[in-house]
Amino acid sequence: MTDEPVLLTEQVGAVLTLTLNRPHRKNALTRELWAELRAEFRRVAHGRDVRAVVLTGADGTFCSGADISDTAGMDEFPDPSRELRVINEVVQQLHDLPVPTVAKVRGVAAGAGWNLALGCDLVVATPDARFCQIFSRRALSLDCGGSWLLPKLVGLQQAKRLALLADMIGAEEAHALGLVTWIQPDEAVDKFVDELAVRLAAGPPLALTQTKALLNDGTDRTMREALANEARAQTINLSGADVIEAFAAFAEKREPVFTGAWGTGG
């Protein structure tokens, strides 16, 4: 056992890195870890100091899924639906975060762990990363958003293959299927993700929030609904100070400095 926190947090500038920290259990998720994630996601959603989030795991492993040995509190809450409501809240929080999110995956990402990575906006993996929708091996069905995410990312047939057979796939296949955005060598992945997160954090916060929401919602909308949503989002963007800054920077041939401040666009 260890007295270290189950979730490590480090903020550098506007980038917050959250590290699942149960290496002795391959960073498997427990009630305590879900609660810590919920608190951090809530803080990000209601604050203004974080403009990008990186989610990763300690000691060369992303997350092996739910810790099935975690029985704390089961006597008090024997109904699994109550626990699943908490988990679902965290997954929805991650999906709805108004800032860009990046999963940095080394080693295994299985079950709920893989679906947490898929819930991020971008996924960077090392060549040794391995992925598995392990649920059927445990006589369980998909959870943590897997039934919604997988068909949208890979199509229905491949989603069924991954879910029904619970095969372990490597980083190259995951990349080919569109489940990994980039593959980076282990010695380069930290620098790559750091630079990516800084780029995202330097972007126009209001516009990135609107764009992320539009893309998340767009797969479930008709073209007419998508166009209406785009118009509403663009109206919000045009009322922000970042639009003025973007046009001024273009005219002055310099890099813009975005703040997300509210102002009068034009």
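This is a predicted model: local features need pLDDT of at least 70, side-chain atom pairs count only at pLDDT 80 or more; totals for chains, interfaces and linings use all residues.
User: At what angle do α4 and α5 pack?

Analyst: Helix α4, residues 146-154, packs against helix α5, residues 156-165, at an angle of about 130°, and their axes lie 7 Å apart. The two helices are therefore oblique to each other, and α4 passes α5 in a right-handed crossing.

User: Which residues meet there?

Analyst: From α4, Leu150, Pro151 and Val154 meet Leu156, Gln158, Ala159 and Leu162 of α5. Sorted by class, this contact has six nonpolar residues, one polar residue and no charged residues.

User: And how do α1 and α2 cross, left-handed or right-handed?

Analyst: The crossing of α1 past α2 is left-handed, with the axes of α1 (residues 31-46) and α2 (residues 80-96) coming within 9 Å and crossing at roughly 35°.

User: What classes of residue make up that contact?

Analyst: The contact of α1 with α2 has eight nonpolar, one polar and five charged residues; among those taking part are Arg31, Arg38 and Arg42 in α1, and Glu83 and Glu89 in α2.

User: Switching to the largest nonpolar core, which residues touch the most other members?

Analyst: That core has 47 residues, and Trp34, Leu37, Val105, Trp114, Phe131 and Leu179 touch the most other members.

Terms used:
Residues are numbered from 1 along each chain as its sequence is written. Side-chain values use heavy atoms; hydrogens and water are left out. Axes are lines fitted to C-alpha atoms, for helices over the stretch in contact, and angles run from 0 to 180 degrees between N-to-C directions. Helices (H or I, at least four residues) and strands (E, at least two) are DSSP runs, numbered from the N terminus. Angles under 35 degrees count as roughly parallel, over 145 as roughly antiparallel, 65 to 115 as roughly perpendicular and the rest as oblique. A crossing is left-handed if the near helix is turned anticlockwise from the far one by less than a right angle, and right-handed if clockwise. Contact means heavy atoms within 4.5 Å. Ala, Val, Leu, Ile, Met, Phe, Trp, Tyr, Cys and Pro count as nonpolar, Asp, Glu, Lys and Arg as charged, and the others, Gly among them, as polar. A nonpolar core is a set of buried Ala, Val, Leu, Ile, Met, Phe, Trp, Tyr and Cys residues joined through side-chain atoms within 4.5 Å. Buried means under 20% relative accessible area, exposed over 50%, partly exposed in between (1.4 Å probe, protein chains only).
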